[in-house]
Amino acid sequence: MKNIVLICFLAIFSNGLFAQSTNAKPKKEVKTIEFQVRGNCDQCKKRIENAAYIKGVKSTYWDEEKQILKVTYRADKVTEQEIHQAVAKSGHQTNLVEVDKTAYQELPECCKYQDKDCTKKK
């Protein structure tokens, strides 16, 4: 009888140990995305990269020639949509989110990519 009680106790106790190990923290998933962002110059580059660098973003790089923003971020902290929205709020249109018209009007003349190309020399 003691052996049966001992076996039952061990079975219940060992089951509890395994259940605790499944409560591990979720894996930190790091993703890298690229998407189109319109802009003209070095001022745009700074603004776009800074706008995309929100909580959860690890790095940003905007290629002026290709008009592509590359962002590395933690998917458990921020979504791709939130990154697009942050960039659009800075006055720069992405391929998913329309530009904030007020923010666009506040851009320096050189940066108004919808109206003209940058005329400043690098």
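Helices and strands here are DSSP runs, numbered from the N terminus. The model is predicted.

**Exercise 1. Confidence**

Find where in the protein confidence is lowest and where it is highest.

*Solution.* 
- Step 1: Start with the whole protein. Its mean pLDDT is 84, and 74% of its residues reach 70 or more.
- Step 2: Confidence is lowest in helix H1 (residues 2–21), at a mean of 56.
- Step 3: Strand S3 (residues 68–74) has the highest confidence, at 98.
- Step 4: Draw the lesson. Where pLDDT is low, predicted coordinates should not be read in detail.

**Exercise 2. Aspartate 63**

Locate aspartate 63. Then work out why aspartate 63 has no salt bridge.

*Solution.* 
- Step 1: Aspartate 63 belongs to strand S2, which covers residues 57–63.
- Step 2: Check its surroundings. Aspartate 63 is buried.
- Step 3: Look for a partner. The nearest side chain of opposite charge is that of lysine 66, 4.5 Å away.
- Step 4: Apply the cut-off. A salt bridge needs a side-chain nitrogen of Lys or Arg within 4 Å of a carboxyl oxygen of Asp or Glu, so aspartate 63 has none.
- Step 5: Check the backbone too. A polar atom of the aspartate 63 side chain lies 3.0 Å from the backbone nitrogen of glutamate 65.

**Exercise 3. The salt bridges**

State how many salt bridges the structure holds. Then describe the burial of residues that form them.

*Solution.* 
- Step 1: Count. The structure holds three salt bridges.
- Step 2: Side chains of opposite charge can pair when their charged atoms come close.
- Step 3: Take glutamate 49 and lysine 45. Their closest N and O atoms are 2.7 Å apart. Both residues sit in helix H2 (residues 42–52), four residues apart, so about one helical turn separates them. Glutamate 49 is buried, at 15% relative accessible area.
- Step 4: Take arginine 74 and aspartate 76. Their side chains meet at 2.6 Å, N to O. Arginine 74 is buried, at 13% relative accessibility. Aspartate 76 is partly exposed, with a relative accessible area of 44%.
- Step 5: Take glutamate 109 and lysine 112. Their N to O distance is 3.3 Å. Glutamate 109 is partly exposed, at 48%. Lysine 112 counts as buried, at 8%.

**Exercise 4. Two loop residues**

Say which loops hold glutamine 67 and lysine 55. Are they buried or exposed?

*Solution.* 
- Step 1: Read its backbone. Phi of glutamine 67 is near 60°, a positive value in a residue other than glycine.
- Step 2: Lysine 55 reaches 68% relative accessibility, and exposed means over 50%, so lysine 55 is exposed.
- Step 3: List its contacts. Leaving out residues up to four places away in sequence, lysine 55 touches Lys77 and Val78.
- Step 4: Compare chain and space. Lysine 55 and arginine 74 are 19 residues apart along the chain, and their C-alpha atoms are separated by 9.1 Å.

**Exercise 5. The buried residues of H2**

Name the buried residues of H2. What covers them?

*Solution.* 
- Step 1: List them. They are Cys44, Arg47, Ile48, Glu49, Ala51 and Ala52.
- Step 2: Find the cover. It includes S2, S3 and helix H3 (80–89).

Technical notes. Residues numbered from 1 in each chain as written. Predicted model: local features only at pLDDT ≥ 70, side-chain atom pairs only at ≥ 80, totals over all residues. Heavy atoms only, no water. Buried < 20%, exposed > 50% of the residue type's maximum accessible area, 1.4 Å probe, protein only. Lys, Arg positive; Asp, Glu negative; His and termini not counted. Polar contact = N/O pair within 3.5 Å; in protein donor to acceptor, adjacent residues only side chain to side chain. pLDDT = per-residue confidence, 0-100. Contact = heavy atoms within 4.5 Å.
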